[in-house]
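Grab a pencil and work through these exercises with the structure open beside you. Each task comes with a step-by-step solution.

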Amino acid sequence: MSGAILVLSGPSGAGKSTIIRQAAPRIGPYYFSISSTTRAPREGERDGVEYHFLTRTEFEAGIEAGDFLEYAEVHGNYYGTSLAPVHTALAEGKLVIFDIDVQGHRLAREAIGDRITSAFITPPSLTELERRLRERSTESETVIKQRLANAREEIRAIDEFDYVILNDAIEAAVEDFVALAHTARLKPGDREREVLVGRWLDGRLN
Ligand code: ADP
Ligand code: 5GP
């Protein structure tokens with residue numbers, strides 16, 4: 001079967017990056033979609049690794065050129081998913097993992113809903129989210145407040161997702177994520193179903 005897409009959303013500080021990092025050796029060939037953003041790099045972030053860091057002008061040129069599968073304005077900055085590397089990874093049979101916000105999930109569903117498995121990742125409470133964001137200490141107080149306010153809105157979109165991972169104990173959340181990655185690979189897109197049926201009828205499926 002060709003690749004599959006796993007969309008992860010959830011409040012900033014939910015533990016998405018931590019879970020993916022810890023689960024990575026156990027989920028088979030995957031491509032973590034590197035988004036483009038106009039936000040400033042955090043300490044230790046490198047261009048082309050965590051994100052492609054663009055100016056607003058560069059980002060808007062990308063929008064014009066139709067480079068993005070989806071893009072959204074989150075916390076006052078643009079974030080978007082480039083189409084080309086996603087196509088390549090899918091053709092290579094990889095699981096493509098997106099870490100995008102709830103607006104991005106909606107747009108991606110509209111564009112390629114048949115290929116998508118999605119999960120909302122959240123800590124057990126808003127209080128715990130706040131504690132983790134402060135402990136991570138990568139943002140200023142103003143930015144933390146903005147992210148918490150945004151989280152209150154995002155949690156309301158939870159019923160738009162196929163699955164929920166409650167990131168309380170990290171080990172359990174990683175186990176859930178590994179199961180989810182395997183599940184996502186079992187979801188064929190519309191085109192793949194057609195091909196499968198054709199080959200099955202021809203007796204060529206083994
Ligand atoms: P996200 O990628 O969703 O923004 P991170 O993976 O950066 O979130 O996690 C935010 C902070 O919370 C980090 O400092 C991380 O070490 C911590 N963290 C993640 N998962 C847990 C957990 N289960 N228990 C306690 N702290 C956690
Ligand atoms: P951060 O600044 O903490 O890296 O990310 C902030 C938010 O932007 C997170 O909710 C993250 O999921 C979201 N995000 C990151 N990349 C994309 C993207 O390509 N598209 C959309 N729509 N959201 C993104």
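**Exercise 1.** In which sort of crossing, left-handed or right-handed, does H5 pass H6?

*Solution.* Before we start: this is a predicted model, where local features need pLDDT of at least 70, side-chain atom pairs count only at pLDDT 80 or more, and totals for chains, interfaces and linings use all residues. Residues are numbered from 1 along each chain as its sequence is written, chains are lettered from A and ligands numbered from 1 in written order, and side-chain values use heavy atoms, leaving out hydrogens and water.

Step 1: H5 passes H6 in a right-handed crossing (the near helix is turned clockwise from the far one by less than a right angle).

Step 2: Their axes cross at roughly 150° and come within 11 Å. That makes H5 roughly antiparallel to H6 (angles over 145 degrees count as such).

Step 3: On the H5 side, Leu126, Leu129, Glu130, Leu133, Arg134 and Arg136 make the contact, and H6 brings Glu141, Ile144, Arg147, Leu148, Ala151 and Arg152 (contact means heavy atoms within 4.5 Å).

Step 4: Sorted by class, that's six nonpolar, no polar and six charged residues.

**Exercise 2.** At what angle do H1 and H7 pack, and how far apart are their axes?

*Solution.* Step 1: H1 (residues 16–23) and H7 (residues 170–185) pack at about 70°, with axes 9 Å apart. So H1 is roughly perpendicular to H7 (the range is 65 to 115 degrees).

Step 2: Their crossing is right-handed.

Step 3: Thr18, Ile19, Ile20, Gln22 and Ala23 in H1 meet Ile170, Ala173, Val174, Phe177 and Val178 in H7. By class, this contact has eight nonpolar, two polar and no charged residues.

Methods: Axes are lines fitted to C-alpha atoms, for helices over the stretch in contact, and angles run from 0 to 180 degrees between N-to-C directions. Helices (H or I, at least four residues) and strands (E, at least two) are DSSP runs, numbered from the N terminus. Angles under 35 degrees count as roughly parallel, over 145 as roughly antiparallel, 65 to 115 as roughly perpendicular and the rest as oblique. Ala, Val, Leu, Ile, Met, Phe, Trp, Tyr, Cys and Pro count as nonpolar, Asp, Glu, Lys and Arg as charged, and the others, Gly among them, as polar.
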